[in-house]
Amino acid sequence: MNEWKIYCSGGLLPKTIPRFVPHACAIYRGFCCGSCGDCKKILIAGKTQISGRKQAVSKKVAVFDYGSGNVRSAVNALKRVGVEVTLTSDFSTCLEADGLLVPGVGAFAAVMKDLHARRGDTIIDRRLAGGRAVLGICVGMQILFERGLEHGEDTAGMGEWPGTVEKLPAPILPHMGWSKIQVGQGSQLFSGIKDERFYFVHSYGVTADPAGHYRQASRMKPPIFSWATHGEPFIAAVENGPLAATQFHPEKSGDAGMELLRNWTQTF
């Protein structure tokens with residue numbers, strides 16, 4: 001394990017402690033006298049030297065590279081948010097990351113096929129069973145519902161939420177452009193974001209409100225659904241414990257999208 005060496009100007013000899021420790025110098029009693037207030041923390045055999053009291057431990061996010069979508073824009077957006085990003089299809093890396101982002105562009109059936117081919121369904125299931133954060137984007141959100149009806153194909157989805165992905169009943173498709181969101185009560189993703197527009201590119205979505213399903217299953221805490229409108233209202237985002245998803249592209253939605261991604265990284 002990497003360790004931090006503490007150099008104390010209060011006169012104590014340097015000692016080593018585990019890397020992940022509370023930030024304030026005064027907490028290092030037994031390793032540091034706690035009186036100087038200006039410890040220098042140097043990562044042994046590492047790349048970074050940090051001076052002063054604050055120690056920033058970078059969060060790690062894996063962007064699941066399973067052959068679906070322009071993943072580079074998502075990687076670049078997450079880097080701007082300030083997390084450590086890995087573009088990967090490696091099973092262990094995707095399981096162990098603090099957060100997993102699942103992109104998706106194209107037809108529902110094709111995305112599900114690619115997901116299964118790289119054991120993405122197992123990765124998502126295991127992460128959720130352990131309470132570890134997952135964010136789906138665009139078709140990466142749609143596949144989390146029960147099923148998709150596209151191009152004459154009826155394809156089973158992940159089944160995390162009730163609902164069927166169908167063609168939007170709108171006069172103009174695809175829905176391409178900026179739309180406002182009717183944010184669900186208690187949302188964390190949209191915390192601090194008001195009256196902003198987000199960028200959509202899609203022709204399919206979930207228009208039926210799943211709330212009735214959760215009213216019937218009274219012991220289940222319902223997810224938080226946020227909505228947008230193109231022709232008719234459709235689900236624009238879902239928040240359900242460690243699982244969240246957006247129909248829009250936060251990585252292409254300017255400052256509002258960056259703030260939403262930042263909010264997501266604050267959940268883990």
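Student: Which residues are buried in helix α1?
Tutor: This is a predicted model. In α1, residues 71–81, the buried ones are Val-71, Ser-73, Ala-74, Val-75, Ala-77, Leu-78 and Val-81.

Student: What do the buried residues of α1 pack against?
Tutor: They pack against β5, β6 (84–88), β7 and α7 (254–265).

Student: And what follows α1?
Tutor: Gly-82 follows α1, and its phi is positive, near 110°.

Student: On to α4. Which residues are buried there?
Tutor: Helix α4 covers residues 120–129, and its buried residues are Gly-120, Asp-121, Ile-123, Ile-124, Arg-127 and Leu-128. Looking down the axis of α4, these buried residues fall within an arc of 160°, so they line one face of the helix.

Student: Why do residues three or four places apart point the same way?
Tutor: An α-helix has 3.6 residues a turn, so residues at that spacing point the same way.

Student: What does the buried set of α4 pack against?
Tutor: The buried residues of α4 pack against the strands β5 (60–64), β7 (99–102), β8 (133–137) and β17 (243–246), and against the helices α2 (91–96) and α3 (108–117). Just after α4, Gly-131 has a positive phi of about 70°.

Student: Is Phe-200 buried or exposed?
Tutor: Phe-200 is buried, because its relative accessibility is 0%. Phe-234 also has 0% and counts as buried.

Student: What about Trp-264 and Phe-268?
Tutor: Trp-264 and Phe-268 form an edge-to-face pair, 5.0 Å centre to centre with 70° between the planes. Trp-264 counts as buried at 1% relative accessibility, whereas Phe-268, at 24%, counts as partly exposed.

Student: Which charged end sits over the ring of Phe-268?
Tutor: That of Lys-59, 5.5 Å from the ring centre. Elsewhere, the charged end of Arg-119 sits over the ring of Phe-91, 3.9 Å from its centre.

How values were computed
Residues numbered from 1 in each chain as written. Predicted model: local features only at pLDDT ≥ 70, side-chain atom pairs only at ≥ 80, totals over all residues. Heavy atoms only, no water. Buried < 20%, exposed > 50% of the residue type's maximum accessible area, 1.4 Å probe, protein only. Helix = DSSP H or I, 4+ residues; strand = E, 2+ residues; numbered from the N terminus. Arc of directions from axis to C-beta. Contact = heavy atoms within 4.5 Å. Phe/Tyr/Trp six-rings, centres within 6.5 Å; stacked < 30°, edge-to-face > 60°. Lys NZ or Arg CZ within 6 Å of the ring centre and 35° of its normal.
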